[in-house]
Amino acid sequence: MDNTIILETNRLRKDFGGLVAVAGVSVKVRQGTSHSIIGPNGAGKTTFFNLLSGVFKPTGGTIYFKGHDITALPAYQRSHLGIGRSFQITNIFPNLTVLENVRLAAQSRGRDNFKLLSDFRAFGRYQERALEILELVGLRGKELTVAHALPHGDKRKLEIGILLATEPELLLLDEPTAGMSQEEVPGIMEVIGKIKASGGKTIMLVEHKMEIIMRASDVITVMHLGSVIAEGTPAQIANDEAVQAAYLGGTHTYRGWRAHQP
Amino acid sequence: MQPLSSWLKARWPWLAVLACLTLAPAFLNKFYLGLMVQVFILAVFALSYDLLMGYSGILSFGHAMFFGSGAYVVGLLLKGAAWPLYAVLPVIIATGALMGVLVGIVTLRVRGVYFAMITLAFAEVIYILSASSQLRPWTGGDEGLHGIPVPAWMSPTAERVTFYYISLSFLVLMYFLARRIVNSPTGRVLIAIRENEARAATIGYNVFWYKVLIIVISGVLAALAGGLNALYFRNATPEVLGVGRTIDALLMTIIGGMGTLIGPVLGAVVIRVLGNYLADWFGPRWPLVFGLIFVALVMFFPWGIVGTLRQRPLRGLAQWIKRLSRGAGQKAS
């Protein structure tokens, strides 16, 4: 495991009026690891991701990416620095084809975005890249389907495909299996496995499905009511009393929590 | 390169239309040629509006300010300052672009309806300025500028055929320019922004500047159309800056089909030609009839004429013809 810190937050905070969604979170993410964020509903996980990807501006604290302060940068600049993000609620370009969804993400990495008078089909490299990614996420053969017509599981794959096409170093996956049936989950897990196997990528994962968390994480950070209450390896977290109290006292009761200990 | 025959096969309907339009002066009288000129000018205006609304998802209620500014630049410089026409052209383009940058940078901080409202306010300010009595020595106040001197070789009255060809070339040129832009990498980003603005930003596009860019392009096209309009009517009145102009563009785009390029052109034909005949038949009550037709068009062509035909290309009619021809074939055999 590499010891470089790729992402660090320092007392990151977000208030919505009187509600404190993220209450001073300090986290260090090591390069090349799979770092999961778990916690009961309303723990502030998605808000935390929104702060990292630049969707929201924090009300306090700082974010460092590869040693640079990125707290004030807008979302599109963070994307170019190498922070990619997928969304819990599917966030695609609904009336464009699957291919075009991914091709646009690939095009954003090039220098051809302002070539006003050339045909976009003249830049075949983006299309080739998009097709490679569709192969990787298992959507090959559906490239001409209009995105909103895809089944839910395929939309989740497309969501990750769009993210991968921006070639991020740090992937923020916000509940990649959200709303999926049990049969669809292995497909997504296979995709995440491939991303891990390709090496060099750091993955931050928010998930509710414990078997996924326990299997896919190197480090787990547990959030509760906007704060970090525990951090450690899957085995450490599974035996942590504060974590169990947060879950049992919260809205979630995780059946089989112990059964999934590694 | 594809062989000429297949190129022709794919495009013959368009070439036929273009040929008809080119030959039209041989068959049409001055009045109808004039009507066509107005259609061409309105078509470019609608096309520029569609680049915003149909392709980029930006709803503007102040598009007349670009059109009207083009008209007033022509009026002020040709009549007031007696500039030559070739020197006025770059000023029209610069004015459209500058207004686009200004409107974009100031108003794009808000979205959707709020953006539409602020553009409306902008346009109204310019409209009121144009009609104000303090500026009467320059703009002619609420009467506007009349009798703009147009070079004799392109006089809209004496040389109407020349003027017809100028406006036809203008439309064809602007149509192909818009088509290039829409199919460029930039055009695809604009479509992405229309589809899902937040997502376009998270995959790395600076949404703000893309929107400013398309407002500038659209503003320049509209200003050029306004300039030609002033040359044709030889006047620039506050009416060309009024909200009615914007609504014209909106109607033409919706009737023709937003997010298509030929749609707004067709919309311009429908609005101008239909408006002309309805006024003949129904006199001053024609907008009432037009309103009913508009409601019917929106009901039966919810995505505009072109948009709806592309989605379900007269399925019923096509099947009926197919059945008919099959029946005829069986009888013959």
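Q: Which element gives the largest share of the lining of the largest cavity?
A: That's E6(A), with three residues. The model is predicted, so local features need pLDDT of at least 70 and side-chain atom pairs 80 or more, while totals for chains, interfaces and linings use all residues. Residues count from 1 along each chain as written, chains are lettered from A and ligands numbered from 1 in written order, and side-chain values use heavy atoms, without hydrogens or water.

Q: Which residues line the largest cavity?
A: From chain A you get Ser79(A), Ile83(A), Gly84(A), Arg85(A), Ile162(A), Leu163(A) and Thr166(A). Chain B brings Arg199(B), Thr202(B) and Ile203(B). Two or more residues each come from strand E6 (83-86) and H5 of chain A, plus H9 of chain B. Helices (H or I, at least four residues) and strands (E, at least two) are DSSP runs numbered from the N terminus.

Q: How much space lies in the largest cavity?
A: About 40 Å³. There are four cavities of 30 Å³ or more by this rule. Points join across faces, edges and corners, and the volume is what probe spheres set on them fill.

Q: How does the lining of the largest cavity split by class?
A: Four nonpolar, four polar and two charged. Nonpolar is Ala, Val, Leu, Ile, Met, Phe, Trp, Tyr, Cys and Pro, charged is Asp, Glu, Lys and Arg, and the others, Gly among them, are polar.

Q: Back to Arg85(A): which side chain does it meet in a salt bridge?
A: Asp174(A), at 3.4 Å, N to O. The pair ties distant parts of the chain together, with Asp174(A) in strand E7 (residues 170-174) and Arg85(A) in E6, 89 residues apart. Over all chains the count is 21 salt bridges (Lys or Arg side-chain nitrogen within 4 Å of an Asp or Glu carboxyl oxygen).

Q: And how many salt bridges between chain A and chain B?
A: Two. One of the cavity-lining residues, Arg199(B), meets Glu159(A) in a salt bridge at 3.0 Å, N to O.

Q: New topic: how much space lies in the second largest pocket?
A: About 570 Å³. Of its 20 lining residues, the closest to the centre are Ala75(A), Arg111(B), Glu197(B), Ala201(B) and Val207(B). A pocket is an open set with protein on both sides within 12 Å along at least five of seven lines.

Q: Which element gives that pocket's lining the largest share?
A: H9(B), with four residues. The lining divides into eleven nonpolar, four polar and five charged residues.

Terms used:
1 Å grid on protein atoms, 1.4 Å probe; cavity = no way out; pocket = protein on both sides within 12 Å on 5 of 7 lines; lining within 4 Å.
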